[in-house]
Amino acid sequence: MPERLTEMLMDTWTPLIILWITVLPSIYMAPMNQSQVLPSGSSTGLKRLSEEQRVLNRSKRGWVWNQMFVLEEFSGPEPILVGRLHTDLDPGSSKIKYILSGDGAGTIFVINDKTGDIHAMKRLDREEKAEYTLTAQAVDRDTNKPLEPPSEFIIKVQDINDNAPEFVDGPYHATVPEMSIVGTFVTKVTATDADDPVYGNSAKLVYSILEGQPYFSIEPHTAIIKTALPNMDREAKEEYFVVIQAKDMGGHMGGLSGTTTVTITLTDVNDNPPKFAQSLYHFSVMEDVALGEPIGRVKANDLDIGENAKSSYDIIEGDGMDIFEITTDAQTQDGIIRVRKPLDFETKKSYTLKVEAVNIHIDPRFISGGPFKDTATVKIVVEDADEPPVFSSPTYLLEVHENAAINSVIGQVTAHDPDVSSSPIRFSIDRHTDLERQFNINAEDGRITLATPLDRETNTWHNITIVATETRNHSQVSRVPVAIKVLDVNDNAPEFASEHEAFLCENGKPGQVIQIVSAIDKDDPKNGHYFLYSLLPEMVNNPNFTIKKNEDNTLSILAKHSGFSRQKQEVYLLPIVISDSGNPPMSSTSTLTIRVCGCSSEGIVQSCNVEAYVLPIGLSMGALIAILACIILLLVIVVLFVTLRRHKNEPLIIKDDEDVRENIIRYDDEGGGEEDTEAFDIATLQNPDGINGFLPRKDIKPDLQFMPR
């Protein structure tokens, strides 16, 4: 009803308003003279004003133009009168015709060519077009000749409040930390109004909250949303739905409004400590559980989310702090309890731990709210498991002399069943580690005996594996390595380290060292080797050589005199007895070969052969070699010459017993021509010497007639 009343009033007073708006600017703003065109209803006063100014101003034109106004969105039964055009040149005899052109002329705006009244024929919208530019002209109705030049004027569309505010970017989403103080900024919204912001209050907006109080507030003119309540808790309510209204006309009655929604989410802060779901946890675990295996989980719940809900776990008290450990599952935030060290039911059957959960990220603003941690008690019961036998030692080291008797005991291993039932144990040797079966073991008591003779010089160490098996459960098996070291006994005689051959110069001097020899012994005495050297008893008074023991456990052979001669004796054999320091001592006899050689004045051996001794004294070794090479060359030349001569004088092959005439055969057949050549030897006919009986022989070598020099 109020809207209809407003529309009726607008229809009634619109012509008066337009006329008032059109007339007043013409009176107070336009220049005036005798030829002005005025709107109807005001010509008397304007004429009088023009007469007073007639002597002062030259007549230029009769139009007075101003802006015209028309309300937008006007709709009535009749076209709306925008304004009236009039000129003083019109005597009232209907001789003048008014013409209108420009924006919307003839369609939107129509002029009465007689009276000059301008009407708006259509409903106008300022938001589509705010003003129109038109041209008016007065012409003679009969001749259509312009009475005055055309002039432009503007018709402006006046705004009315016909557009409601709109939130172009809505709906909105915003976040604000929980537990924020009052007045904390949340977000800002913006509404737009298509009406004219300059004219009136049609575009003046005021904001308010329709829903969302008392939690949030909004600034009426800036549209900034802030918190209105302190300590809003996300854990109590996380999301708020707020309705914002924007109203034009400054928020007064009759203004248009638009609304939007703002979804405000409280973000989490660490304002809650972790809390265990229960104060006491019970777990059980088998004693043979593998190290690192999880045996249970504990959980400290935190009402916060994300990083604020993360906690770390630790064992702070208990009798199993070194036996167990607790880690944090990054995905579930559970505390995982694992075994760090082996468990033994027979030693300890239960453990009690105290675990603690502490927030990783603590907000200092809320630290006064209490400790951000919690504790719980964990009881762990160890259950018995059928365990394999346990050896008394993880490894064994045994020693035995290499001359130990067969079946002698060299050591013993022991093992027991750690279970309460304590099953008997049987021992055996893993034959894969004793392929030659050199050892045996007593299955009942674990005594290891020798099965075959040992030789330290062949193999010093023997590594075998002993297997212990429960008699009640053969699947329970344990293994232990046993290292057996073979100890040395003096069972090897020393001998020369290598086959020595000494050389003695004929021009040597008495006491000269001929050779230094060393000895080796396959045995390995604790204090090292010490050898004793001696000559055979029958060689003690050897007239040619003597021996001398050196400090480095070697032996020097010395010549007793000079004047040794290869021609007299080329080789000497010197038997030497070598003894060790073992108990009992072992000894052996080795023979040293000593050759007498010819040496230079510097003592360098040149020749050890007897034949070299009988060569002429005046010839050196180089000269002898040159002579020998010449002889060999002459022999080669002779052989080549004889061979060539033999090939040159070689006769045809004819046996002595054959006669040429015996090859002639008589027959009465016709000859076969050239094909009949097998009946005689054609070579005999070609050799004239064969006629006289001198037939050379091919079956023997000819005698040489001369000898080469």
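This report covers a sheet, the disulfides and a surface patch in a predicted model.

## A four-stranded sheet

Four strands make an open sheet in the order E16-E22-E21-E18, and their pairing is mixed. Strand E16 (280–286) and strand E18 (311–318) stand at the edges. Each has a single partner strand, so one side of each is left without a neighbour in the sheet. From one strand to the next, the twist averages 30°.

Strands E21 (residues 350–359) and E22 (residues 373–383) run antiparallel, joined by 9 bridges. Across this pair, Lys 354 stands opposite Thr 377 in E22.

## Two disulfides

The model has 2 disulfides. Counting bonded cysteines along the chain, the pattern is 1-3, 2-4.

The link is left-handed, with -85° about the S-S bond. Cys 505 counts as buried at 11% relative accessibility, and Cys 599 counts as buried at 15%.

Another disulfide joins Cys 597 to Cys 608, S to S 1.8 Å. Cys 597 lies in strand E40 and Cys 608 in the loop between strand E41 (605–607) and H3, so the pair ties together parts 11 residues apart in sequence. This link is right-handed, with 100° about the S-S bond. Cys 597 is buried, at 0% relative accessible area. Cys 608 is buried too, at 17%.

## A nonpolar surface patch

Leu 628, Ile 632, Val 636 and Leu 640 form a nonpolar patch on the surface. Together they have about 380 Å² of accessible area. Ile 632 is found in helix H3 (residues 621–648). Ile 632 is partly exposed, with a relative accessible area of 48%.

How values were computed. Residues are numbered from 1 along each chain as its sequence is written. This is a predicted model: local features need pLDDT of at least 70, side-chain atom pairs count only at pLDDT 80 or more; totals for chains, interfaces and linings use all residues. Side-chain values use heavy atoms; hydrogens and water are left out. Two strands pair if DSSP finds at least two bridges between them. Helices (H or I, at least four residues) and strands (E, at least two) are DSSP runs, numbered from the N terminus. Axes are lines fitted to C-alpha atoms, for helices over the stretch in contact, and angles run from 0 to 180 degrees between N-to-C directions. Patches are made of residues with over 30% relative accessible area and no salt bridge: like charges are joined within 9 Å, nonpolar side chains (Val, Leu, Ile, Met, Phe, Trp, Tyr) within 5 Å. Accessible areas come from the Shrake-Rupley method with a 1.4 Å probe; for residues, only the protein chains shown count as cover. A salt bridge is a side-chain nitrogen of Lys or Arg within 4 Å of a carboxyl oxygen of Asp or Glu. Buried means under 20% relative accessible area, exposed over 50%, partly exposed in between (1.4 Å probe, protein chains only). A disulfide is a pair of cysteine sulfur atoms within 2.5 Å.
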